[in-house]
Amino acid sequence: MQKYDPIKIEEKWQKIWEENQEFKAKKSAKTDKPVQKMFLAEMFPYPSGAGLHVGHVRNFSIVDALTRFYTQQKLDVLRPFGYDTFGLPAENYAIKTGISPEIATKQNIDNFRKQAKRLGFAIDWSREINTSDPKYYKWTQWCFLKLFEKGLAYQKESYQWWCPVDQTVLANEQVENGHCWRCGTEVEKKKMKQWFFKITAYADELLSEIDSLDWPEKIKTAQKNWIGRSEGAEISFEIAEAGGAAGGTPAARNERSGVSTVGETAGDRTRVLPNIKVFTTRPDTIFGATFLVLAPEHPAIVKIVSDDAREKVLEYCKNAIKKSEIERQENKEKTGVFTGTYAINPATGKKIPIWVSDYVLMGYGEGAIMAVPAHDERDFEFANKFELPVIEVIEKPETDEDVDAVSMSSGEKIDGKKICYHGEGKLINSDRFNGIDSSDAREGIINWLEEMKVGKSRVTYKMRDWLISRQRYWGCPIPIAYDKDGNPHAIPEDQLPVIHPEVSDYAPDSTGRSALAKAKDWLKVTIDGEEMTRETDTLDGYACSSWYLWRYVSPDCETAAWDPEEIKYWAPTDIYCGGDHAVAHLLYIRFWCKFFADEGYLPFREPIKKLLYNGYINAPDGKKMSKSKGNVIDPLDVINSGYGADTLRTYELFIGPYNEDAAWSTKAIGGVYRFLTRCFNLTFNPEKTVEAEVNVVIRNKTVKKVTEDMHRAGFNTAVAALMEFVNELYKNGASTEDLTVLAKLLKPFAPHLASEMLEELKADDEWPTWDESALVADTVEVVIQVNGKLRAKLSVAVDELADTDKLTEMALAEENVKKYLNGGEPKKVIIPPKAKLINIVV
């Protein structure tokens, strides 16, 4: 009796596959019947020193199962692999050890590759890419320059975290509770010139095409929320120093002999300062705006704050900007400070105070809001705390049916707490617009504000332009240089790639610039005969991952980022799988795709046809695995324990629906090993052989079930169907045809064992088909009674016995049953569960 030895079998087949370059993508010769292509990829990993973990195995096994499935169906299949290698971990390791990030990255990649091959993944290794390879990032720099040429890569000042002790910029993840992760010093925000990609130029198209994507709904919803399109109005509020009385609406003030003042008399006049612009989605509530609130970062604060309030306001702003935006949004306790300055409501002509509060974010709209406390919860809470006026301008509908369940009238109380009404209704206290429904009044109010030249309709987005510059060494160098006046110039394409210089110290310099700034000779570059200074920022890693799918089609192309003919054949990606980066990466790759399509470099506008978003593998107690908790499962430990790679792969696909989180179970993986041992024994240690006809029904049902499950990514139910098939083969005996079908269906999950079985059976691996007519052979006889007497019999497929509606329809269609219905409907039809009986009462 032969014993199942997974390690021995796996080593054998991995060697054969590598020698034969089994998984190298091939394009079929042109024929009258074109062969369908299938381009599959997982989100490429960051190759950490720890190597692969079981989460990687799940992600990669999903793609691998589908790769083998479509290969067995004789499609032209492309499944490449790559590594997202730039980033902070490698740089921090270099700062700590002095070992070049390039050396550490190469070691990590070698380890990842070795582990991936040990798992038997069907990867075309000739298409392996590494984002920190100059042959790759030369073209990342080319992509940047294309965006720069079109004005979609630009510079502006932006606040960054800054450690005053280490004299360095910190990434968000390096700030822990407002302190530097290295030295523990309290951090501050510093304004620095940064590079951005103008993703907002494509916001409408990115949003409008989401619904057409074959992506999970939760991912599409996350993208919609990230883009956050809002329609409303931009309104300009005049600012005046405290002390003067308001002088009516802007239209009335403009009639005053050309004097742009606020007061009614010369002694009452006040100096008019620059206007504050706000964005609002509810211009219909402008008559209820009783104060303005500015974000702590708003540039107008230093210009408008009164002398008496200056010290207090600036101190508040300094402390507020140390908080992350998430902290500011989650903070339920409203804080703020009065600037000592007033604005004029353009609708009422009344003066309203200007406050600063951290619940207003600079990144949305204009970084300033008109506060309408009667009809906005946050504004109401702020007004309630600081005793500011509340003016209702929308009347709550009289009937409960007209009111949103969460929208209550200002002044009403729930559990003693006064809240506001933010629904629709008739306008009140709104001058000429009184009595008009709020939803209908918006357009009229915007037009009125436009006539007074204080407002206009506007669309804005929660999504901001993409900040892409990083003050670190280990990133793709930005191909820009500056002339003596500080103007940016593109590095000529024939000088690409801009390669990292060798440095002895990878830490940022004393000004916060990356270690690139320490390479004095490298900094100098000549462009068009003029000596310039190179940019020392590097690109965000997301830039490198925004085009790698297209590089896969021609990774060795030296004349272009991607070969146009190869792109035309293989792209876009048919199936893309990942369990992270639900929004940013997927949004950025869509943005680049649309841009390069507009530039004529891509023949499609969406990069990914179908997205599979897998869940996490958690520890046995359901908690997330982490090194600090000591609960990480090493896949190589599982393989080397004797289970082998096939067991691990099959288990992770069987553990539950691919898109749900699952807890690791040592007991369950043992069950999968026993299942594969049974498959081995059926082939190599058969106890009972039978003719092919014996299992014809279960065999065809299994082929149909597994095929359909693979098309819908139902891996767990496909494995369950194979287990059921094996149970039947043990009970009935197995034919050569049964075992061949089993091996072919098993190959996407346990390719090594399946290949060993097919070799023994002298069979190819072409995916089997099913005979639909064979499925109906498994039928039973169902008796039909009318008022307790036998009137007819039905032949029903076993799998239809649970469908009571269909059984009723079939029974009532019988001619002998119709006779006893006399053209009418039965009083009732009784079908007992699992009984082969239908009782009709007339």
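User: What share of the contacts with a separation of 6 or more comes from residues 24 or more positions apart?

Analyst: That share is 72%, where a contact means heavy atoms within 4.5 Å. Keep in mind that this is a predicted model, where local features need pLDDT of at least 70, side-chain atom pairs count only at pLDDT 80 or more, and totals for chains, interfaces and linings use all residues. Residues are numbered from 1 along each chain as its sequence is written, and side-chain values use heavy atoms, with hydrogens and water left out.

User: Why is Ile 103 called partly exposed?

Analyst: Buried means under 20% relative accessible area and exposed means over 50%, with partly exposed in between (1.4 Å probe, protein chains only). Ile 103 has 46%, so partly exposed is the label. Ile 103 sits in helix 4, residues 101-118; helices are DSSP runs of H or I with at least four residues, strands are E runs of at least two, and both are numbered from the N terminus.

User: What makes strand 2 and strand 30 edge strands?

Analyst: The open sheet has 4 strands in the order 2-1-29-30, paired in parallel. Strand 2 (76-78) and strand 30 (608-613) each have a single partner strand, so one side of each has no neighbour in the sheet.

User: How do you know that strand 1 pairs with strand 29?

Analyst: Two strands pair if DSSP finds at least two bridges between them. Strand 1 (residues 37-42) and strand 29 (residues 573-578) have 3 bridges, so they count as paired. Glu 42 is opposite Cys 577 in strand 29.
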